[in-house]
Every structure is written in C-alpha cells, then in structure tokens.
Amino acid sequence: MKRASVSVLLCWFFLLSGCVHPSFPPVAASLSVVISLDVKAGTVTFLNAENGRKIARWNINEPFQGGALSPDGRTLLLYGRELDGVYRYDLATGKPLSEWKTGSGIVSAAPSPDGRTWFLGDSEHHAVRVVSRGGKEIARLSVGHSPMTLLVNRQGTEMYALDFQDGRAFVIDTSRLRVIRSFSVPKMALGGLMREQQGELWIGGHGSGSKVETNIHVYSLRDGRLLRTVAAPVMPVDFVETSRGVFVLSHGSNTIHRFSPSGKRLGSISVGANPFAMEAAFGQLYIASYDSDEIIVVDEATLRPLARWKTGDGPLQLFIREGRT
C-alpha cells in the first residue's frame with residue numbers, strides 16, 4: 001500500500017508539473033509566421049505570414065500580458081504583472097525552456113540585438129532588470145514606476161525606458177549598466193520609435209486624465225530636447241518604419257497614419273476595432289484588432305486592406321518571425 005501511495009503521489013506530481021508548463025505543437029523554423037498574443041483567451045496563435053492559415057494555437061492558461069521574441073526567432077518569452085516568472089518556449093519544438101524566476105511585476109521585455117542580454121521592465125521594483133540569456137540577473141537599474149516601453153538601439157549600446165506613470169524617459173548605457181540621463185515626456189507615454197539616422201525618438205501615448213493624447217512627441221536622441229509634435233489622433237501607441245515611410249497606429253480612433261521619412265503626412269486609413277499592435281513585413285502591415293479578434297493585413301504602398309485573419313480572443317501584441325532554410 002505504501003509503495004502504491006508513493007506511485008500515486010508521483011503520478012500526481014508529474015501531472016501537475018505538466019499542467020503548469022506543458023509542451024505545445026511545434027512551429028517549423030522554415031515557416032514565416034505571424035505570432036499573435038491573445039491575452040483575453042490566454043492563447044498564442046501562429047499564422048502563416050503568406051496566407052493566414054493557422055499553424056498552431058497554444059493554450060497557455062496563465063494570465064500573461066505581453067511577450068518578446070528572441071532576435072534569432074527561436075525563443076518566445078511571455079510575462080505578466082501577476083506571474084511569478086518569465087516563461088520561455090522553444091518555437092521549433094513547442095517545449096518550455098527553464099523559467100526565469102523574476103517574481104511578479106514584469107510589464108515589458110526587450111533583448112539586446114545579439115540576444116545575449118535581456119532587459120525586463122519591473123513595475124514592482126520600479127526598475128529595469130538586466131538578465132543574461134540564461135536568466136541570471138546582472139543589474140537592476142532604478143527608473144520610473146511603470147517602465148512599459150523599452151527601446152534598444154541597433155548597436156545595442158543604449159536602451160530607452162519610457163515610464164507610463166511618471167512622465168519620464170530614462171536612457172541606459174548598456175555597457176556600463178547605468179542610467180546616464182533622463183528627460184520629461186507626457187504622462188501615460190506608450191510606444192515609441194527610435195529613428196537613429198534622423199537622431200529622433202518618436203513617442204506616443206494614451207493621454208492623462210480627461211485629456212486624450214492626439215500627438216506624437218518627437219525628441220532629440222542626443223539630449224532629450226523636444227523637437228516638435230506631430231498630429232496623429234487619437235492615442236498613437238505603436239510605430240513601424242519601412243522603406244515606404246513611418247506608420248503610426250492610433251488605437252483610440254482605429255486609424256493608421258502614414259508619414260514620409262521627413263515626417264510629412266501621406267495618408268491614413270480606418271482599420272479594426274480597438275487595434276493595439278502593428279508589425280510590418282513582406283510589403284504589408286499586420287494590425288491586431290483587439291475587439292474583433294483578428295489580424296487585418298494592409299498593403300503598405302496603397303493602405304488598402306488585403307485580408308482579415310482570425311486569432312484567439314483579444315490579440316494585444318504581434319511578432320513576425322521570418323522563416324529560415
């Protein structure tokens with residue numbers, strides 16, 4: 001009886017362990033995929049980037065709020081303010097990797113360009129935590145209360161942390177692992193774009209109090225000085241830049257705005273229902289429409305809608321993983 005009881009306990013242990021971090025259907029490395037984080041459903045949906053065909057859907061069953069993709073496209077990270085750690089998955093196998101035991105409070109994540117270092121925005125410790133690829137904490141840098149937007153430059157030498165609550169941007173020297181300066185930005189700043197050739201940082205946001213944000217604030221990357229504002233009503237929250245210009249997603253008005261490289265408005269289109277995220281690849285824009293549970297595909301050159309692809313409930317964040325042979 002004793003041996004039987006131990007066996008039963010072991011079976012329950014492995015069963016419960018499997019429920020916490022199960023394996024999922026693999027996503028072949030050769031496929032170019034659009035990855036949708038469906039936060040309302042607690043799922044991750046993988047769609048073929050060419051035709052929208054569903055490749056896989058992972059039922060995470062955890063309250064994740066965001067994620068990040070490694071630069072090599074092999075590893076998906078998921079985090080959430082209420083989660084006790086950062087979950088990591090190998091896309092090619094669908095298997096979980098070792099969890100990073102960060103504790104709760106993680107609200108953003110961004111890798112260095114080489115993927116050796118990760119930056120995690122921590123709303124409980126009001127810090128950016130720097131961790132190695134293996135999950136070891138290297139440094140903890142004090143910033144604002146809620147560093148929800150993290151932007152790393154192409155060389156990986158500087159990282160900008162935009163605080164959602166306090167109305168400041170913090171610039172981190174990634175080699176010395178220290179905050180080297182900060183400057184004022186609008187409260188509830190969210191989303192940004194580093195335009196390094198122009199020496200500019202474009203910042204969006206929700207707005208504060210009863211005043212909704214209708215402008216993009218453009219700052220100097222050199223000294224944090226406000227250079228100008230660009231109208232993009234209402235609530236510009238996501239940005240992508242391609243050879244065809246700068247595209248801005250304003251989720252308060254369900255609008256994509258297109259600007260020339262110099263910042264001249266070229267056009268706009270109404271798209272989606274409460275869209276939160278946008279990515280660009282293959283001459284197309286992919287927009288996550290949160291309330292209609294779909295991705296809307298738009299032609300970059302004409303801003304003409306091309307297709308609508310179903311996701312899980314509440315797509316909040318998107319990634320493009322290009323296939324490799």
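## Close-up views of a predicted chain

**View 1. Contacts and overall form of the chain.** In the chain, 40% of the contacts with a separation of 6 or more are between residues 24 or more positions apart; a contact means heavy atoms within 4.5 Å. This is a predicted model, in which local features need pLDDT of at least 70, side-chain atom pairs count only at pLDDT 80 or more, and totals for chains, interfaces and linings use all residues. Residues are numbered from 1 along each chain as its sequence is written, and side-chain values use heavy atoms, with hydrogens and water left out. The chain holds 1 helix and 29 strands; these are DSSP runs numbered from the N terminus, helices being H or I of at least four residues and strands E of at least two. The radius of gyration is 20 Å, which agrees with the value near 20 Å for a compact globule of 325 residues; the radius is taken over C-alpha atoms, and the globule rule is 2.2 Å times the number of residues to the power 0.38. The C-alpha trace spans about 75 × 45 × 45 Å along its principal axes. Of the 325 residues, 51% count as buried (buried, under 20% relative accessible area; exposed, over 50%; partly exposed, in between; 1.4 Å probe, protein chains only).

**View 2. The stacked rings of Phe24 and Trp58**. The whole structure has 9 aromatic pairs. Rings of Phe, Tyr and Trp (its six-membered ring) pair if their centres lie within 6.5 Å; planes under 30 degrees apart count as stacked, over 60 as edge-to-face and the rest as tilted. For Phe24 and Trp58 the centres are 5.1 Å apart, with 15 degrees between the planes. Phe24 sits in the loop between helix 1 (2–20) and strand 1 (33–38) and Trp58 in strand 3 (residues 54–59), so the pair ties together parts 34 residues apart in sequence. Both Phe24 and Trp58 are buried. Together with Phe46 and Tyr89, Phe24 and Trp58 form one aromatic cluster.

**View 3. The edge-to-face pair of Phe276 and Tyr290**. The ring centres are 5.7 Å apart and the planes stand at 75 degrees, so the pair is edge-to-face. Phe276 belongs to strand 25 (residues 275–281), and Tyr290 to the loop between strand 26 (284–289) and strand 27 (294–299); the two are 14 residues apart. Phe276 counts as partly exposed at 22% relative accessibility, whereas Tyr290 counts as buried at 17%.

View 4. Ala277 is buried, with a relative accessible area of 5%. Leaving aside residues up to four places away in sequence, Ala277 touches Asp238, Leu249, Tyr286, Ile287, Ala288, Leu316, Gln317 and Leu318. Ser36 is 241 residues from Ala277 in sequence, and their C-alpha atoms are 9.6 Å apart in space.

**View 5. Asn153 in the loop between strand 11 (147–152) and strand 12 (158–163)**. The relative accessibility of Asn153 is 7%, so Asn153 counts as buried. Not counting residues up to four places away in sequence, Asn153 touches Pro113, Glu158, Met194 and Glu196.

**View 6. Asp223 in the loop between strand 19 (215–220) and strand 20 (226–231)**. Asp223 is partly exposed, with a relative accessible area of 33%. Arg181 is 42 residues from Asp223 along the chain, and their C-alpha atoms are separated by 8.6 Å.
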